Amino acid sequence: MHDAHAHQHCDDPDCHHDHSRGSRRIYIYSPAGAVRDKKAFRRAVARLKALGHEVEIDPSALDSHQRFAGDDEARLAAIARACASGADVALISRGGYGLTRLLHRIDYDAIAQAIAGGMRWVGYSDFTALQQALVAKTGAVTWAGPALVEDFGSEDESDDIMLDCFQDLLAGSGEGVGWRLPKGDEPADGEIYVPEAQLWGGNLAMVASLLGTPYLPSVDGGILFLEDVAEPPYRTERMLTSLLHAGVLQKQQAIVLGQFSNYKLTPHDKGFKLASVVQWVREQAQVPVFTNLPFGHVPTKVLLPVGAKVSLSVEGRDALIYWGHA
């Protein structure tokens, strides 16, 4: 995370790096890709238990069928079990690919009811598809945040900012995230304030793949956040162009770009880089575009309420998305 810092606002100023703020029940399920690294899975479960949480593992969490965590029926059943578990948090084991295959068969009302009852659904990457569909079908709020294996299962310690944000969510004390914009990214007139807007988005490839389907929410005046992994700038721009030509980007009050990681430039690019894409989107969409949000396929990731009403404040290079009022 270059030049980026993040903070999660909470009621207690001394809460940072106190990773044991109350026990919660976490249900681990696999709605998309198969878990290949069983050791990392076990490490991650042990880490959550060491934080004081009760962890329930779905019976098919480690199933494998082709590249998926079980066939479509098995993964639909896993989602239904997570929904009926009564846990505080439903946490995906990993992303990958698989949820778009299930979107026409998921019981969104049941998930929305579980969310209304206090369950938080957390994940990112492929999970973006389910998050957008839930907003489109029910308006229910889920959380863009960690996945079990990638974020809790490494041999190294889990990222402190991610842990703080995750624990704040479980404690009910998270109110927003702040970060520092890169030089030159600050608003031309010094500041921008969006008092209320629906936050939506997530993985760019997943959002773009839902264009023209009933599973992409139609959000006017929202704040769209996007990230991706292993997509060189020209492919990132191609997906953003789809959103532009569909009229999606122009309808937002702001676009916030997270981390676009793990890609390679080639000699053929001749100076065409991610900054070129950002500049092009700014010119074409004619809406504010901010970068460097600490979220994506990187260890340092904040948690964001997808579908919730939030505020956005940018003063100079200091940016803040907050929802304590929501």
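Start by selecting helix H3 (residues 108–116) and helix H4 (residues 128–137): their axes come within 10 Å and cross at roughly 90 degrees. That makes H3 and H4 roughly perpendicular to each other. Keep in mind as you click around that this is a predicted model.

Now show the side chains where the two helices meet. From H3, pick Tyr108, Ile111, Ala112 and Ile115; from H4, pick Leu130, Ala133, Leu134 and Lys137. Colour them by class and you get 7 nonpolar residues, no polar ones and 1 charged.

**On to the sheet**

Next, switch to the strands. Here 6 strands form an open sheet with mixed pairing, in the order S3-S2-S4-S5-S6-S12. Which strands stand at the edges? They are S3 and S12 (304–306); each has a single partner strand, so one side of each is left without a neighbour in the sheet.

**Zoom in on S2**

Select strand S2, residues 25–29. Is S2 mostly covered or mostly open? Mostly covered, since 5 of its 5 residues are buried, which means under 20% relative accessible area.

S2 has a partner to visit on either hand:

- S3 (residues 54–57) pairs with S2 in the parallel sense over 4 bridges. Click Arg25 and you will find Glu54 of S3 opposite; click Tyr27 and the residue opposite is Glu56, also in S3.
- S4 (residues 89–92) pairs with S2 in the parallel sense too, over 4 bridges. Here, Ile26 stands opposite Val89.

S2, H1 and S3 together make a right-handed β-α-β unit.

**Across to S5**

From S4, step over to S5 (residues 120–123). The two strands run parallel and are joined by 3 bridges.

**Single residues worth a click**

Go back to H6 and select Leu163, which sits in that helix. Its relative accessibility is 7%, so Leu163 counts as buried. Then draw a distance from the C-alpha atom of Leu163 to that of Leu303: the separation is 9.8 Å, although the residues are 140 apart along the chain.

Find Ser125 in the loop between S5 and H4. Ser125 is not a glycine, yet it has a positive phi of about 65 degrees. Is Ser125 buried or exposed? Buried, with a relative accessible area of 13%.

Finish at Asn262, in the loop between strand S10 (254–261) and helix H9 (274–285). Asn262 is another non-glycine residue with a positive phi, at about 60 degrees. With 64% relative accessibility, Asn262 counts as exposed.

Conventions
Residues are numbered from 1 along each chain as its sequence is written. This is a predicted model: local features need pLDDT of at least 70, side-chain atom pairs count only at pLDDT 80 or more; totals for chains, interfaces and linings use all residues. Side-chain values use heavy atoms; hydrogens and water are left out. Buried means under 20% relative accessible area, exposed over 50%, partly exposed in between (1.4 Å probe, protein chains only). Two strands pair if DSSP finds at least two bridges between them. A crossover is right-handed if, with the strands pointing away from the viewer, the path from the first strand over the helix to the second runs clockwise. Axes are lines fitted to C-alpha atoms, for helices over the stretch in contact, and angles run from 0 to 180 degrees between N-to-C directions. Angles under 35 degrees count as roughly parallel, over 145 as roughly antiparallel, 65 to 115 as roughly perpendicular and the rest as oblique. Contact means heavy atoms within 4.5 Å. Ala, Val, Leu, Ile, Met, Phe, Trp, Tyr, Cys and Pro count as nonpolar, Asp, Glu, Lys and Arg as charged, and the others, Gly among them, as polar.
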